[in-house]
Structures are given as structure tokens and as C-alpha cells.
Amino acid sequence: MPNLIFLCLTITICLSIFHTNFLVQSLTSSSDIEALKAFKASIKPSSISPSSCIASWNFTIDPCSVPRRTHFICGFTCTIDSTHINQITLDPASYSGSLTPLISQLTQLITLDLSDNNFFGPIPSSISSLSNLKTLTLRSNSFSGSIPLSITSLKSLESIDFSHNSLSGSLPNSLNSLTNIHRIDLSFNKLTGSIPKLPPNLLELAIKNNLLSGPLQKTTFDGSNQLEVVELSENTLTGTIESWFLLLPSLQQVNLANNSFTGIQISKPARGGGSNLVALNLGFNRIQGYAPVNLAAYPLLSFLSIRHNSLRGNIPLEYGNIKSIKRLFLDGNFLVGKPPPGLLATGATVSGSLGDNCLQVCPVSSQMCATAQKPNSVCKRAYRGKS
Ligand SMILES: *[C@@H]1O[C@H](CO)[C@@H](O)[C@H](O)[C@H]1NC(C)=O
Ligand SMILES: CC(=O)N[C@H]1CO[C@H](CO)[C@@H](O)[C@@H]1O
């Protein structure tokens with residue numbers, strides 16, 4: 001009997017020692033450790049340089065234990081209670097590999113930033129399990145395939161940056177269910193199709209240098225009342241830019257250059273601070289017709305480019321009286337007549353270009369006229385049979 005009691009006591013002590021040790025040595029949840037191991041394992045060992053963060057991910061100790069002098073030196077952070085990984089921010093160290101679907105086990109992750117490496121292959125759709133994720137930055141890698149539809153269930157997401165990858169296919173249709181997102185950057189990919197309805201709290205939309213097509217649709221921008229920045233240059237967008245677009249209430253910077261737009265309609269903003277538009281770039285399109293007079297009514301407009309289009313007729317006199325304008329580019333059109341005096345006056349603060357048009361008067365004493373006008377023959381041909 002005493003033997004049995006002794007045995008029980010021993011087992012209890014052993015168990016409690018084991019238990020304490022277990023708690024001390026293994027802070028991080030086992031599923032997080034498993035996910036980190038898988039994350040490292042899907043990176044090619046040959047691409048992990050000895051001085052990089054990932055090289056220090058040596059699982060002989062617990063990832064969240066401190067201090068981290070030799071093991072797990074950098075690349076991630078843990079929650080305050082050291083039980084979960086809440087941030088992965090890799091160093092730009094040319095890591096090459098895929099992103100493991102087991103990333104979905106890091107359920108407390110708030111930031112995932114793999115920018116400036118060589119990750120390739122698809123963005124795993126299991127990423128949709130990261131319900132706390134606020135920042136998803138995969139910029140400057142080689143991810144391919146389409147943007148997983150499941151991404152639209154990431155309700156906490158505030159910022160997506162997938163720019164400079166090789167993503168293809170169209171944008172997820174239910175993008176607008178990302179109710180907390182304020183920044184989307186998908187620039188420099190191979191995305192096709194049109195832009196679906198935008199999330200309601202979006203401030204910045206950048207999809208520069210892709211293969212987007214079709215016109216800008218009102219349904220896309222309906223309710224985009226916070227939208228300040230629209231960067232859609234270098235796509236294959238077509239059609240007329242309609243008057244509702246520049247009247248989106250928060251718009252500040254718009255770049256639609258290097259597309260195939262053919263027309264533009266501009267309405268005057270409401271009187272008394274009706275527009276915050278500061279910069280508008282419509283250069284290198286196929287816009288026909290007259291230079292839109294109503295642009296002169298945008299009270300904060302400081303940069304305007306409609307260069308390299310097919311504008312005809314006179315430069316509106318009103319363009320000489322835009323008080324806010326600092327840079328104005330109307331070069332590379334078929335504009336005629338005489339520029340508004342306000343643009344050429346000595347001491348005028350506006351710079352830019354009126355060159356490569358069909359202006360009859362453009363004094364080379366003005367910097368705006370430094371580039372020569374088109375040859376007469378070209379201008380005659382352009383206006384033959386038209387008024
Ligand atoms: C991991 O760390 C242990 C010591 O904690 C060391 O013996 C081992 O070589 C390390 N492994 C690698 C791959 O660096
Ligand atoms: C904003 C933008 O993309 N502008 C580019 C349009 O294309 C011309 C000519 O190729 C470039 O010089 C511009 O930088």
C-alpha cells in the first residue's frame with residue numbers, strides 16, 4: 001500500500017513537472033508552429049540566405065519564446081500572450097517558393113507582408129480563413145493564377161497590395177463585400193475584364209498597367225463616396241468618361257492615361273466646394289471633340305493633362321483663368337487658334353505644354369510653346385471636310 005501511494009505521488013509530481021515544462025517550453029499553439037514549419041518548408045532552401053530572417057527559423061525552440069537572439073530573430077511577431085503569430089513581415093531576401101495553404105492555420109494573423117521576394121504559384125484560397133487579417137501585401141513577387149474569390153470573405157481586411165505580380169483573370173465579383181477595405185493596389189498584373197462594384201469605404205483604387213477593358217461603369221462606382229485616388233492608367237479601357245465620374249464627391253487624383261477612351265463629358269461641380277479634384281491625367285487616349293470647358297470650374301484643379309488625344313477647336317478661354325492650375329498639358333492634339341492670354345502672360349505660374357498642335361499663334365517666348373506646332377499639311381488633313 002505505501003508503495004502504491006509513493007507511486008501515485010511520483011506520477012503526480014512527474015505529471016506536474018512535465019506539465020509546467022510543457023507550458024514554459026511550448027508557448028506557441030501547435031497549429032501555429034505547424035503552419036510556420038510549412039511556411040518555411042515551401043520556400044526553396046537554396047533561396048534562403050544564411051543572414052535572412054527565415055534562416056533563423058530553427059524549430060528546436062519555441063517561436064514565440066523570448067529573447068530571440070539566435071533563433072527566430074525576425075520575420076514575424078507574436079501576440080502578447082505568446083500563443084499565436086499575429087504578423088508575418090518578411091525581409092526582402094529573394095525567397096523563392098510557394099505560399100503554403102497551411103497559412104490558414106495562423107488564425108490570429110493581422111499582417112501578412114511578403115513583398116519584394118520571389119514567391120510564385122497561386123494565392124491559396126484557404127487564405128480566406130484569416131478572419132483577423134487587416135493587411136495583405138504580396139507586392140513584387142511572381143504570384144500567378146487568379147485572385148481567389150474567397151478573399152472577399154476577409155471582413156477585417158483594410159488593405160490589399162498585390163501589385164507587380166503575374167495575376168490574371170478577372171476581379172472577384174463580390175469585391176464590395178470587403179466593407180473595411182480602404183486601399184486596393186493590383187497594379188502591374190495581367191488582370192482582364194471590367195471593374196466590379198467597389199467596396200463602400202475604399203479610398204484608393206490602383207489597377208495601373210493591366211488588361212482591363214470596357215467603359216467605366218456607373219454601377220462600379222455607385223456609393224464610392226470616399227474614393228480619393230483612382231489610378232487606372234495603362235489598360236485598354238474604352239468608351240466615354242461620363243459626367244458622373246468626376247463628380248464622385250471625394251475624388252482628388254485621377255489617372256486614366258494610356259487607355260483607349262474616345263470621349264469625355266464634364267459637368268460643373270456644385271457651387272461652393274463641390275469638388276476636391278486636384279489632378280486629372282487623361283493623356284494618351286483617343287479622346288475626340290473640344291477641350292472640355294467645364295474643367296475650368298473645378299476649384300482645386302492643379303494638374304491637368306489631356307495630351308496626345310484628338311482634341312480639336314480652340315483652347316477654351318476659361319483655361320486661362322483656372323486660379324489653381326500649376327501644370328497644364330494639351331500637347332499632341334489638333335487645337336487651333338490662339339491660346340488664352342492667361343496662359344502665356346509673363347509671370348504666369350502655369351507650366352506644361354501646348355506644343356504639337358495646330359495653333360496659329362504660340363509665341364516661343366513662352367515655355368508652354370517650346371515644342372513646335374504640327375506641320376500645316378497635317379493640320380489641313382485633320383480639318384479637311386470637318387469644321
Ligand atoms: C538549430 O539550433 C540548434 C541549437 O539550438 C543547432 O544545434 C542546429 O544546428 C540548428 N539547426 C540549423 C539548421 O541551423
Ligand atoms: C501615366 C502613364 O502611364 N503615362 C505614360 C503613357 O505612355 C507614354 C508613352 O508611351 C509614356 O511616356 C507615359 O509615361
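Visitor: I'd like to start with one pair of residues. Which residue in S4 is the bridge partner of Thr89?

Guide: That's Asp113. Before we go on, keep in mind that this is a predicted model. Now the general idea: strands in a sheet pair through backbone hydrogen bonds, and they can do so parallel or antiparallel. Here, strand S2 is linked to strand S4 (residues 111–113) by three bridges, and the two run parallel.

Visitor: What about S1 and S2: parallel or antiparallel?

Guide: Antiparallel, again with three bridges between the strands. One bridge pair to look for is Thr77 with Gln87 in S2. S1 and S2 make a hairpin, with six residues between them.

Visitor: Let's move to the sheets. What is the strand order in the open sheet of eight strands?

Guide: Read across the sheet, the order is S3-S5-S7-S9-S11-S13-S15-S17, and the pairing is parallel.

Visitor: Why do S3 and S17 each have one side without a neighbour?

Guide: Strand S3 (96–97) and strand S17 (260–264) sit at the edges and have a single partner strand each, so one side of each has no neighbour in the sheet.

Visitor: Which residues could I use to follow the pairing inside that sheet?

Guide: Strand S5 (residues 118–121) pairs with strand S7 (residues 142–146) through two bridges, in the parallel sense, and Gly121 faces Phe143 in S7. Next, strand S9 (residues 166–169) is joined to strand S11 (residues 190–193) by two bridges, also running parallel; there, Gly169 is opposite Leu191 in S11. Finally, S11 pairs with strand S13 (residues 211–214) over two bridges, in the parallel sense, with Gly193 opposite Leu212 in S13.

Visitor: There's also an open sheet of four strands. What is its order?

Guide: It goes S19-S21-S23-S25, with parallel pairing. Strand S19 (288–290) and strand S25 (358–359) are its edge strands, and each of them pairs on one side only.

Visitor: How many bridges join S19 to S21?

Guide: Three, and strand S21 (residues 310–314) runs parallel to S19.

Visitor: Now the ligands. Which residues surround ligand 1?

Guide: Look for Asn58, Thr60 and His71. To read a ligand site, go through the atom pairs one residue at a time. An N or O atom in the side chain of Asn58 is 2.3 Å from an oxygen atom of ligand 1. For Thr60, a polar side-chain atom is 3.3 Å from an oxygen atom of the ligand, and for His71 that distance is 2.9 Å. On its own, ligand 1 exposes 360 Å², and the protein buries 27% of that.

Visitor: And which residues surround ligand 2?

Guide: Its surroundings are Lys208, Ser233, Glu234, Asn255, Ala257, Asn258 and Phe284. Sorted by kind, that shell has two nonpolar, three polar and two charged residues. In Glu234, a polar side-chain atom is 2.7 Å from an oxygen atom of ligand 2. Of the 360 Å² of accessible area that ligand 2 has on its own, the protein covers 51%.

Definitions and conventions
Residues are numbered from 1 along each chain as its sequence is written. Chains are lettered from A and ligands numbered from 1 in the order in which they are written. This is a predicted model: local features need pLDDT of at least 70, side-chain atom pairs count only at pLDDT 80 or more; totals for chains, interfaces and linings use all residues. Side-chain values use heavy atoms; hydrogens and water are left out. A residue is near a molecule or strand if one of its heavy atoms lies within 4 Å of it. A polar contact is a pair of N or O atoms within 3.5 Å; within protein, one must be able to donate a hydrogen and the other to accept it, and residues adjacent in sequence count only if both atoms are side-chain atoms. Accessible areas come from the Shrake-Rupley method with a 1.4 Å probe; for residues, only the protein chains shown count as cover. Ala, Val, Leu, Ile, Met, Phe, Trp, Tyr, Cys and Pro count as nonpolar, Asp, Glu, Lys and Arg as charged, and the others, Gly among them, as polar. Two strands pair if DSSP finds at least two bridges between them.
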